[in-house]
Amino acid sequence: MAEKPTYPVQLIQPDGRRVLDRQHAALVADVGPDQVRALYEDMVVARRIDVEATALQRQGQLGLWPPLLGQEAAQVGSARALHPDDYVFCSYREAAVAYCRGVRPAELTRLWRGVAHYCWDPGAVNMTNPNIVVGSQGLHATGYAYAAHLDGAEIATIAYFGDGATSQGDLAEALGFAASWSAPVVFFCQNNQWAISAPVRIQSATPIARRAYGYGMPGVQVDGNDVLAVLAVTRQAVARARSGGGPSFIEALTYRMGPHTTADDPTRYRAAAETEEWKRRDPIDRVRRLLEREGLLDEDWERQVAAHADDVARQVRTATIEMPDPAPMELFDHVYATPHPLLDEQRREYAEYLTGDPGASSARPEGVRP
Ligand SMILES: Cc1ncc(C[n+]2csc(CCOP(=O)(O)OP(=O)(O)O)c2C)c(N)n1
Ligand SMILES: [Mg+2]
């Protein structure tokens, strides 16, 4: 059977020209010159944060960093479609989303420095902390969305995940539940073409967005390097969720231009030519070309944007380096909400070890194996 081709929604071509797509352009009709410039600035700042955090890891100030380089439009375009009372469930790569939600630059690296199990206060920005368990946030988002609906809250919940996550059982369960129960959740897949060293072709035999229909929800594929197109389709999905229309699925086609994390070397598994090809579709360059074509770029403003980005990066750097190490005994805090005898025993033993009590370190509570 011949398959109907899937065309990603696009509003800006890689050379900066607008695409004539009245249906989707109408969703961003209110986005004038100032708003396009603001989206551009968000993306420049996001990239600057990412470059700084990567440098901090290379300098030994962070244990790990998962770069978002290349995914700025997918993250900024979708995050700017949200209201403050909407709720975001993310993976580990959404620093640009966090920045747009209002997370302070000084909070972005805390977990990655290894000084706490969290980065920010989720309740303050309606966004969860970085989550390493691939695909699990689909379930969390669906549960939250469904509960919000039962409470009568007219909000949308959005789950960010990658192409690799679509192969996880957790996500299949979330999609099935959300569709059957009409949970007001937006599934936002950043298809960055890779899941560490596994290419997307081994995750799905069909465009990922099309799988949404099998679950019973609309799926749209969007050019994830086109900030206006991402804004448009996310606004549509979020409005549908808020108005009781149920879940939607967005597949944003983008590219992870850097390594999976700072612990990865992508030259071992992917061709340089592929990365070069995607560089030509750089999401920031694209908006810059649009602004240039439409006479909205001036040097003074560009200098201001760069200075703002440098200032944010400085805040990230200073805060990271100044983060105090936690006291060793804090390791045992927040493991359980209520007292736990085995943990209490371990706490006692570790305290003895730290104070140098001989023999204390080798004593093992009953039932604990090395
Ligand atoms: C449940 C689970 N399985 C495996 C891993 C190891 N792991 C970490 S990231 C990753 C790849 C995820 O790829 P994708 O969903 O495409 O997201 P991306 O990293 O590309 O943003 C894997 C397999 C994990 N963290 N959690
Ligand atoms: Mg991926």
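Tutor: Two residues are in contact when heavy atoms of theirs lie within 4.5 Å. Setting aside residues up to four places away in sequence, Gly-162 touches Cys-189 and Gln-190. The model is predicted, so local features need pLDDT of at least 70 and side-chain atom pairs count only at pLDDT 80 or more, while totals for chains, interfaces and linings use all residues. Residues are numbered from 1 along each chain as its sequence is written, chains are lettered from A and ligands numbered from 1 in the order in which they are written, and side-chain values use heavy atoms, with hydrogens and water left out.

Student: In which strand is Gly-162 found?

Tutor: Strands are DSSP runs of E with at least two residues, helices are runs of H or I with at least four, and both are numbered from the N terminus. Gly-162 belongs to strand S2, which spans residues 157-162. From Gly-162 to Asn-191 the C-alpha distance is 5.6 Å, although 29 residues separate the two in sequence.

Student: Where does Asp-163 lie, and is Asp-163 buried or exposed?

Tutor: Buried means under 20% relative accessible area, exposed means over 50%, and partly exposed is in between (1.4 Å probe, protein chains only). Asp-163 lies in the loop between S2 and H8 and counts as buried because its relative accessibility is 1%. Gly-162, by contrast, is partly exposed, because its relative accessible area is 25%.

Student: With which residues is Asp-163 in contact?

Tutor: Leaving aside neighbours within four places in sequence, the contacts of Asp-163 include Cys-189, Gln-190, Asn-191, Trp-194, Val-200 and Ile-208. A polar contact is a pair of N or O atoms within 3.5 Å; within protein, one must be able to donate a hydrogen and the other to accept it, and residues adjacent in sequence count only if both atoms are side-chain atoms. Here a polar side-chain atom of Asp-163 is 3.4 Å from the backbone nitrogen of Trp-194. Between Asp-163 and Leu-253, 90 residues apart along the chain, the C-alpha separation is 9.6 Å.

Student: Which residues come nearest to ligand 1?

Tutor: A residue is near a molecule if one of its heavy atoms lies within 4 Å of it. There are 15 residues around ligand 1, and Tyr-92, Arg-93, Ile-132, Gly-164 and Trp-194 come nearest. A polar side-chain atom of Tyr-92 is 2.6 Å from a ligand 1 oxygen, and one of His-260 is 3.3 Å from a ligand 1 oxygen. Ala-165 contributes a polar backbone atom, 2.8 Å from an oxygen atom of the ligand. The protein buries 72% of the 580 Å² that ligand 1 exposes when taken alone.

Student: Where does ligand 1 sit?

Tutor: Ligand 1 sits in the largest pocket.

Student: Which residue has a positive phi of about 50 degrees although it is not a glycine?

Tutor: Most residues other than glycine have a negative phi. Asn-126 has a positive value of about 50 degrees. Its place is the loop between helix H6 (122-125) and helix H7 (136-150), and Asn-126 is buried because its relative accessible area is 18%. Ser-182 also is not a glycine, and its phi is positive at about 55 degrees. Ser-182 lies in the loop between helix H8 (169-180) and strand S3 (185-191), and it counts as partly exposed because its relative accessibility is 38%.

Student: Is Thr-320 buried or exposed?

Tutor: Thr-320 counts as buried because its relative accessibility is 0%. Thr-320 lies in helix H13, which covers residues 299-322. With residues up to four places away not counted, Thr-320 touches Leu-56, Gln-61, Leu-62, Thr-109 and Arg-113.

Student: Where does Val-31 lie?

Tutor: Val-31 lies in the loop between helix H1 (22-25) and H2. Val-31 is buried because its relative accessible area is 11%. Apart from neighbours within four places in sequence, Val-31 is in contact with Val-36, Leu-39, Leu-228, Leu-231 and Arg-235. Helix H2 (residues 33-58) holds Ala-38, which counts as partly exposed because its relative accessibility is 37%.

How values were computed:
Areas by Shrake-Rupley, 256 points an atom, 1.4 Å probe, with all protein chains shown as cover. 1 Å grid on protein atoms, 1.4 Å probe; cavity = no way out; pocket = protein on both sides within 12 Å on 5 of 7 lines; lining within 4 Å. Sits in = over half its atoms within 2 Å of the grid points.
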